[in-house]
Amino acid sequence: MPHPGWSNFSFDGIGTRWEISTPDQLAPVLTGELLAAVEAYDMTWSRFRDDSLVTRLSRGPGSITLPDHATGLQELYATAYRLSDGAMTPLIGSSLERLGYDASYSLIPTGAAQAPPRWEDVLEWTGTTMTAREPLVVDIGAAGKGKLVDLLGGILRGAGLDDFLVDGSGDMLHSGAHPVSVALEHPYNPRQAIGTVELDNAALCASAANRRAWDDGLHHVLDGTTGKPVHTTVATWTMAASALVADGLATALFMVDPAPFEKEFEFSWLKVSSTGSAAFSSGFEGRLFT
């Protein structure tokens, strides 16, 4: 939780609730800059709005030019796609839409689960340039919120703030001299916690099957090789220097073993299986309740 006496700036953006905690109340010019950054991000990446940049690619082949921050997303996705053998992909949007998680939030499946096209067959993404060879539903939700957390943290640091906590509904970035204690939400009961962890100048991100679930056994974490929801894992938490890495790997660990990622990223993790057992890395310095 944020430190007692801190000021909280709360708002809604990219379909979720945000809270930025700082020792003193943020100036209106700074809150305006933060809100503008969230709106610009949504205008770029949201597949839920007709006027976004990526929505253009769903209408037909073509190219779009993305903001500079897209380079980090591309690098993270390219590595995760390779290490997961295609299970984590930015093209998962068509599979989500087919199962009902579409732009209108109908939550009504239109057919059986179906894998999206293979990245290498239909999409070229190099830094800030994305080119589709056919209509594609791009969805960077597996790591996108984490990247926005980092961008908002960068705005705060640019304004001279060293002490803050950016919380995008559980995806967090902490900066400051005093760590914060964060409760780890129970994957089956959001009113309970399975443990706590100290967050100290790092990012903590989570992925859980219960966050966006509907119909019979459907939820938003899909395996890109099948288009089906993952049912062997129910929740993951990861800690890293950036929220981009923590968010992306929290999703990837739903589908694959952490070992390949530990060779290429510096992070710690906790993973809860559908059987109720938990596994965690030696660097995940939290406390699990018994």
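A residue counts as buried when its relative accessible area is under 20%. Keep that cut-off at hand. The model used in these exercises is predicted.

**Exercise 1. Gly248**

Task: Decide whether Gly248 is buried or exposed, and find which residues it contacts beyond its neighbours within four places in sequence.

Solution: 
1. Locate the residue. Gly248 belongs to helix H7.
2. Read its accessibility. The value is 0%, so Gly248 counts as buried.
3. Set aside the neighbours within four places in sequence. Gly248 then touches Leu76, Met88, Ala142 and Ala143.
4. Compare sequence and space for one pair. Gly248 and Lys145 are 103 residues apart in sequence, and their C-alpha atoms are 9.2 Å apart.

**Exercise 2. H6 against H7**

Task: Work out how helix H6 runs relative to helix H7, and which residues make the contact.

Solution: 
1. Recall what is needed. A pair of packed helices is described by the angle and the distance between the two axes.
2. Take the values. H6 spans residues 141–158 and H7 spans residues 243–252; they pack at about 160°, with axes 7 Å apart.
3. Apply the cut-off. Angles over 145 degrees count as roughly antiparallel, so H6 is roughly antiparallel to H7.
4. H6 and H7 cross in a right-handed way.
5. List the residues. H6 supplies Gly141, Ala142, Ala143, Gly144, Lys145, Gly146, Lys147, Val149 and Asp150, while H7 supplies Ala243, Leu244, Asp247, Gly248 and Thr251.
6. Sort them by class. The contact of H6 with H7 has five nonpolar, five polar and four charged residues.

**Exercise 3. H3 against H7**

Task: Describe the crossing of helix H3 and H7, and give the classes of the residues in contact.

Solution: 
1. Take the geometry. H3 covers residues 70–83; its axis comes within 11 Å of the axis of H7, and the two cross at roughly 35°.
2. The crossing of H3 with H7 is right-handed.
3. Name the residues. Gly72, Leu73 and Leu76 of H3 meet Leu244, Val245 and Gly248 of H7.
4. Sort by class. The contact of H3 with H7 has four nonpolar, two polar and no charged residues.

**Exercise 4. The sheet of eight strands**

Task: Give the strand order of the sheet of eight strands, and find which strands of the sheet H7 touches.

Solution: 
1. Write the order. It is E1-E2-E6-E7-E10-E13-E14-E15, in an open sheet with antiparallel pairing.
2. Find the edges. Strand E1 (7–13) and strand E15 (278–280) each pair on one side only.
3. Note the twist. It averages 10° from one strand to the next.
4. Check one pair. Strand E2 (residues 16–22) and strand E6 (residues 164–168) are antiparallel and share four bridges. Ser21 faces Leu165 of E6.
5. Place the helix. H7 packs on the sheet and touches E7, E10, E13 and strand E14 (267–273). The direction of H7 makes about 25° with that of E10.

**Exercise 5. Strand E10**

Task: Find how many bridges join E10 to E7 and to E13, and how many residues of E10 are buried.

Solution: 
1. Begin with E7. Two bridges join strand E7 (residues 171–175) to E10, and the two run antiparallel. Leu173 has Ala203 of E10 as its bridge partner.
2. Turn to E13. Six bridges join E10 to strand E13 (residues 233–240), again in the antiparallel sense. Here Ala203 stands opposite Ala240.
3. Count the buried residues. Five of the six residues of E10 are buried, so E10 is largely enclosed by the rest of the structure.

Key. Residues numbered from 1 in each chain as written. Predicted model: local features only at pLDDT ≥ 70, side-chain atom pairs only at ≥ 80, totals over all residues. Heavy atoms only, no water. Axes fitted to C-alpha atoms, helices over the stretch in contact; angles between N-to-C directions. Parallel < 35°, antiparallel > 145°, perpendicular 65-115°, else oblique. Left-handed = near helix turned anticlockwise from the far one by under 90°. Contact = heavy atoms within 4.5 Å. Nonpolar A, V, L, I, M, F, W, Y, C, P; charged D, E, K, R; others polar. Buried < 20%, exposed > 50% of the residue type's maximum accessible area, 1.4 Å probe, protein only. Pairing = 2+ DSSP bridges.
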